[in-house]
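Please keep the sequence and the 3D view at hand while reading.

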Amino acid sequence: MAKMKLSDNVKQKMLKKLDEEEYKYVQRNKRLTVADFDLVKIIGRGAFGEVRVVRKKDDKKIYAMKIMKKSEMLKRNQVAHIRAERDVLALADNPWVVKLHFSFQDDKHLYLVMEFLPGGDFMTILMKYDVLSEEQVRFYVSEIAMAIWSVHQLNYVHRDLKPDNILLDKEGHIKLSDFGLCKAFDGPQMPILDQYNKEVEKNKTNEAKDTETKGVSTQSVQKWKNNRRILAYSTVGTPDYIAPEVFAQTGYGQECDWWSLGVIMYECLTGYPPFYADDPMSTCRKIINWKKTLVFPEEAKISDNAKDLIRKMICDQDNRLTFDQMKAHPFFRGINWEHLRERKAVIVPEVRSEADTSHFDNFESDDSATQLPEQQGSFVGFTFKRDAVSAAPNLEDGFFMNPDIAEGDEE
């Protein structure tokens, strides 16, 4: 700068810019630990760990931290699934998928630090409003469809699309999360379905008799609503949104996500999913036998266009709508698909601050479930970095540092 004979004003601007770039570089390359974050609140807990709202100590920014127990993932054969989740979050640099900022690990846990969406999840909307109007359904289904399509563009299939995994930002627009069962087309099958597959095969001869129905009882619907949150946090979860070809393991592709969207749309309009039953195995049999069990309740007063769209998603996989066909469906007449996020949301959540957790459930703190690194011993890990061109992660040390976990893994 001296040789260039720059003015003091220009020198100060250049130095400031260099300082900013250096700070960004240091942040990208700094090895983070859970001790770099302050706990705000726990907003989710399951078999593999928990989700916390945290505040980064140095810049005071708010994030959602997903903490997963390595031992549980190994025990339940979930290693490939969490690697797939990280890969999708790294690749999906678009407004329809929750953004991953950092990932690191210690001896016992893996950590994904993502953007925090204070609007809660879509299941909260369904539980609060019970049944949505067709105008509201049109808004949410179009946004979820766009989000699904953005994942498909990465050559992935979500496979676990349900209201629990659809989050809302502070403006009320949706983003997809929880890609733990997501896979590329050459990935592994879902171990969570093994117990279902055995039972479905065993009971095939009784399907027609067991699953024929004219609808769901009021008592069953109330039981569904009462147990909905419990199912969300359980290890097995609910099979209500899973396509029949996934159960049958006869081969499937991205079209299984459109089935799940059809089930979600049905639930929005009626207050319960179309194949709900009192136990998971009965639900599985209803899904396999969907041609007899898909019934539209008269009291719901669903329009012909809405019914037709649902039937073209909940159908044989070869006949399901593509994304382009869906956009042209009469149910979406008037929707500007190029500017979905620019319109005002049909339900705008009341968000008091960037750290507002009022739209999530309350959980008691349990330090024994996820101890701090200083209680666990040595720390190893990496900081997630995003390449400006490829948006692919730079994995400095690999995702799993435990030799037992890393066996056979390619960095």
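About 19,800 Å² of accessible surface belongs to the protein chain, and carbon and sulfur atoms make up 48% of that area. Accessible areas come from the Shrake-Rupley method with a 1.4 Å probe, and for residues only the protein chains shown count as cover. The model is predicted: local features need pLDDT of at least 70 and side-chain atom pairs count only at pLDDT 80 or more, while totals for chains, interfaces and linings use all residues. Residues are numbered from 1 along each chain as its sequence is written, and side-chain values use heavy atoms, with hydrogens and water left out.

The protein chain has 411 residues, of which 51% count as buried. Buried means under 20% relative accessible area, exposed means over 50%, and partly exposed is in between (1.4 Å probe, protein chains only). Among contacts in the protein chain with a separation of 6 or more, 71% are between residues 24 or more positions apart; a contact means heavy atoms within 4.5 Å. The secondary structure consists of 16 helices and nine strands. Helices (H or I, at least four residues) and strands (E, at least two) are DSSP runs, numbered from the N terminus.

Start with the strands. Strand β1 (residues 37-46) is joined to β2 by eight bridges, and the two run antiparallel. Two strands pair if DSSP finds at least two bridges between them. Gly 44 has Val 51 in β2 as its bridge partner. Six of the eight residues of β2 are buried, so this strand is largely enclosed by the rest of the structure.

Strand β2 (residues 49-56) is in turn joined to β3 by seven bridges, again antiparallel. Arg 55 stands opposite Ile 62 in β3, and Arg 52 has Met 65 in β3 as its bridge partner. β2 and β3 form a hairpin with five residues between them, and Lys 60 in the turn has a positive phi of about 65°. Strand β3 (residues 62-69) is mostly covered, with seven of its eight residues buried. β3 also pairs with β5 in the antiparallel sense, over seven bridges. There, Met 68 has Leu 110 in β5 as its bridge partner.

Next, the helices. In helix α13 (residues 304-311), the buried residues are Ala 306, Leu 309 and Ile 310. These residues cover an arc of only 100° around the axis, which puts them on the same side of α13. The arc is that of the directions from the helix axis to the C-beta atoms. An α-helix has 3.6 residues a turn, so residues three or four places apart point the same way. The buried residues of α13 pack against α5 (134-152), α10 and α14.

His 152 is found in helix α5. His 152 is buried, with a relative accessible area of 8%. Leaving aside residues up to four places away in sequence, His 152 touches Val 157, Gln 254, Asp 257 and Trp 258.

Trp 258 leads on to the aromatic rings. Ring pairs link Trp 258 with Trp 149, Phe 323, Phe 331, Phe 332 and Trp 337 into a cluster. Rings of Phe, Tyr and Trp (its six-membered ring) pair if their centres lie within 6.5 Å; planes under 30 degrees apart count as stacked, over 60 as edge-to-face and the rest as tilted. By this rule there are 16 aromatic pairs. In one of them, the rings of Phe 116 and Phe 360 have centres 5.7 Å apart and planes at 35°, so the pair is tilted. This pair links distant parts of the chain, 244 residues apart: Phe 116 is in the loop between β5 (109-115) and α4 (122-129), and Phe 360 is in the loop between α14 (323-327) and α15 (373-376). Both Phe 116 and Phe 360 are buried.

What arrangement do the rings of Trp 259 and Phe 275 have? Their centres are 5.7 Å apart and their planes at 15°, so the pair is stacked. Trp 259 is in helix α10 (residues 255-270) and Phe 275 is in the loop between α10 and α11 (280-288), 16 residues apart. Trp 259 and Phe 275 are both buried.

Charges also sit over rings (NZ of Lys or CZ of Arg within 6 Å of the ring centre and within 35 degrees of the ring normal). The charged end of Arg 138 sits over the ring of Phe 331, 4.7 Å from its centre.
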